[in-house]
Amino acid sequence: MKYWSQTYIPTLKESPSDAEIASHKLLLRAGLVRKLGGGLYTFLPAGLKVMQKISQICREEMDRAGAIELAMPFIHPSENWVEGPRWAAAREIMYRVDHAGAGKGRAKEPEFVLGPTHEEIITPLVKTEITSYRDLPKNFYQIGTKFRNEIRPRYGLMRAREFVMKDAYSFDTTDEGAIISYGKMKEAYTAFFNRCGLKTIPVEADTGVMGGSFSHEFMVPAPVGDDDIVYCEQSGYSANREKATSGIVPKDLADAAPAGALEEFATPGIVTIAALAAAPYNVAADQQFKTLVYMGDGKPFLVILRGCDDLEEAKLGALGFQLWRPATPEEIEPVMGAKPGSLGTVKGTIKNPGALAGIFADHAIRLIGNGTTGANKDGFHLRNVNVTRDLEITRFGDFRSVRAGEPCPKCGAPLKIDRAIEVGHIFKLGTKYSEKFGAVYTDDQKQSHPMVMGCYGIGISRTLQAVIEQSNDADGIVWPWQVAPWQVLVVNLDPQDAAAKDLCAKLAAAAESAGAEVLIDDRAERPGVKFKDADLIGLPLRLTVGGKGLKEGIFEMKWRRAKEITKVPIADAERVVAEAVRQAAQA
């Protein structure tokens, strides 16, 4: 048992002005963390206890799934990252490590960086340690600090520059084996979040700079989340917005026949979808072809959408570019022959088509059939543009953002979109990293093959705050049993009274014997202060001793999630408390 006076729980009556969301406010008010600087936090004793419990649950589930714990350095030689497949994309979020003499002979790149993740470290390690198929599969994990240069750190631990993460890396001989390893991790993640008391939704996700063939994010529905999840309550379909698709284009849709000859018409000063949709032109947005120009690895490419649709930029990763961005007007005109606002992809109208890396069209433009697009002449558009007859298209793909109400791709029911917090992400990486670093194994025929990899991350510190964001009320935190810093709070209203002290110790001992961690509030504070703090720090079970109750031979028992207070005879104290603790632990 721990006495409040012997630890440090500095509760606050008011929320700091820079705390924007409920969980961030409660982290600070309940004395769990203190801010050092933007995205940097010190964990105080109670916060550290929660972190340790979450870490231990994670460790148990990883071990149960067959993963093996190790610990890798946080400072990485930059050449590991330069040699890897994503230096250009990852370097912007990485902190460099400077030291005396830094820059001598290395003016362009840092000698060391702080690790945001460890694919570039574990893969070379496994390359040197494992060479035979007999030693595979293997899955290594660690729980440790990571660093990312967040431009806008916010929401406390949700978007921090320094954070605690569990990262794991699996190595298999075959794609089928990698899928089995992936499935084990997905099950372990589900068990982990359930034990932490978090309701999560695993959703299909974009692989981003990590690469690989597929991935899932574990999302906590919350209005303050940074991500959108698209889901269907009927079919169970779920994906983040960057990956989500819909059934807006029927599978049996036939391409429209041409409706007439191409016709050029003047549109002076009309450079937006909305302007062309207004009088006197009255071309509805869903009847316009929108042409976007992007730069992919230094070469321009085009994306065609309906005028009513928005590009989901992350989906451009499917085109194979390592880096992409919108082209500037100065980059657009020499290729297209016109400025933005008059662009199109009608055959024969592009000034320099040979400069393009490709022309990619969203499937939904087939719903237009015959529409209107830019003529690649400033101030002119073309009507009666037929998708199959007139447009120059390298290939079709899914590039648009899904909207709420569109049909589910599985069952056709309306899709819903909600905000959510990402707390875990798993990837099937394939051979992207093993090929780059030469991590190969020899099979039983003495043939060499690249290892098939997966990687799996859990934001431990983010999980802590996500629990608070999901489990709180107007009075404070409502901790789930397994991750509470202490499960039972014994409030002594008369800390100078010997009988009250003895009963508190007796209740605490009974709770501990049944498996709970106990905090005794022995402070010389008014009852009102103690009750407010009890609700604020949110321990699951409160036992109150003193006042009239002690004279009447009772103590009070109250669950944090309940409004009711139960008066328990002191004669039944040990039995009632022990039974309550056992039931809570098994729930």
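**Figure 1. Gln487 and its polar contact with the backbone of Glu517.** In this predicted model, the side chain of Gln487 reaches the backbone nitrogen of Glu517 at 2.7 Å. Gln487 belongs to the loop that runs between β27 (476-477) and β28. Gln487 counts as buried because its relative accessibility is 6%, under the 20% limit for that class. Leaving aside residues up to four places away in sequence, Gln487 touches Lys53, Trp481, Ala516, Glu517, Leu539, Pro540 and Leu541.

Figure 2. Two backbone nitrogens lie within reach of the Asp497 side chain: that of Ala499 at 3.0 Å, and that of Ala500, which is 2.8 Å from a polar atom of the side chain. With a relative accessibility of 32%, Asp497 counts as partly exposed. The C-alpha atom of Asp497 is separated by 10 Å from that of Leu550, a residue 53 places away along the chain.

**Figure 3. Helix α13 and the elements that cover it.** Helix α13 comprises residues 527-537, and its buried residues are Lys530, Asp533, Ala534, Asp535, Leu536 and Ile537. Cover for the buried residues comes from elements including α1 (22-29), β27, β28, β29 (518-521) and β30. After α13 comes Gly538, which has a positive phi near 75°.

**Figure 4. Helix α15 and its buried residues.** Helix α15 spans residues 573-586, a run of 14 residues. From its first C-alpha to its last, α15 reaches 20 Å, close to the 20 Å expected at 1.5 Å a residue. Its buried residues are Ala573, Val576, Val577, Ala578, Ala580, Val581 and Ala584. An α-helix has 3.6 residues a turn, so residues three or four places apart point the same way. Among the buried residues of α15, Ala573, Val576, Ala580 and Ala584 follow such a spacing.

Figure 5. Leu136 and Pro137 are joined by a cis peptide bond with an omega of about 5°. Pro137 is in the loop between α5 (119-129) and β8 (138-147). A cis peptide bond also runs from Ala279 to Pro280, where omega is near 10°. Pro280 is part of the loop that lies between α7 (273-277) and β15 (289-296).

Figure 6. Tyr155, a residue other than glycine, has a positive phi near 60°. This residue is in the loop between β8 and β9 (162-172), and Tyr155 counts as buried because its relative accessibility is 15%. Asn384, likewise not a glycine, has a positive phi near 60°. Asn384 is found in strand β20, which covers residues 380-386. With a relative accessible area of 24%, Asn384 is partly exposed.

Figure 7. Asn386 counts as buried because its relative accessibility is 0%. The side chains of Asn386 and Asn370 are joined by a polar contact of 3.1 Å. When residues up to four places away in sequence are not counted, Asn386 touches Ala256, Ala257, Pro258, Gly369, Asn370 and Leu391.

**Figure 8. The whole protein, as context for the close-up views.** The protein contains 15 helices and 32 strands. Its C-alpha trace spans about 95 × 65 × 50 Å along the principal axes. Of its 587 residues, 50% count as buried. Contacts between residues at least 6 apart in sequence join residues at least 24 apart in 70% of cases. The protein exposes about 26,100 Å², of which carbon and sulfur atoms supply 51%. The mean position of its 72 positive charges and that of its 75 negative charges are 2 Å apart.

Definitions and conventions. Residues numbered from 1 in each chain as written. Predicted model: local features only at pLDDT ≥ 70, side-chain atom pairs only at ≥ 80, totals over all residues. Heavy atoms only, no water. Helix = DSSP H or I, 4+ residues; strand = E, 2+ residues; numbered from the N terminus. Expected span 1.5 Å × (residues − 1). Buried < 20%, exposed > 50% of the residue type's maximum accessible area, 1.4 Å probe, protein only. Contact = heavy atoms within 4.5 Å. Areas by Shrake-Rupley, 256 points an atom, 1.4 Å probe, with all protein chains shown as cover. Lys, Arg positive; Asp, Glu negative; His and termini not counted. Charge placed at Lys NZ, Arg CZ, Asp CG, Glu CD. Polar contact = N/O pair within 3.5 Å; in protein donor to acceptor, adjacent residues only side chain to side chain.
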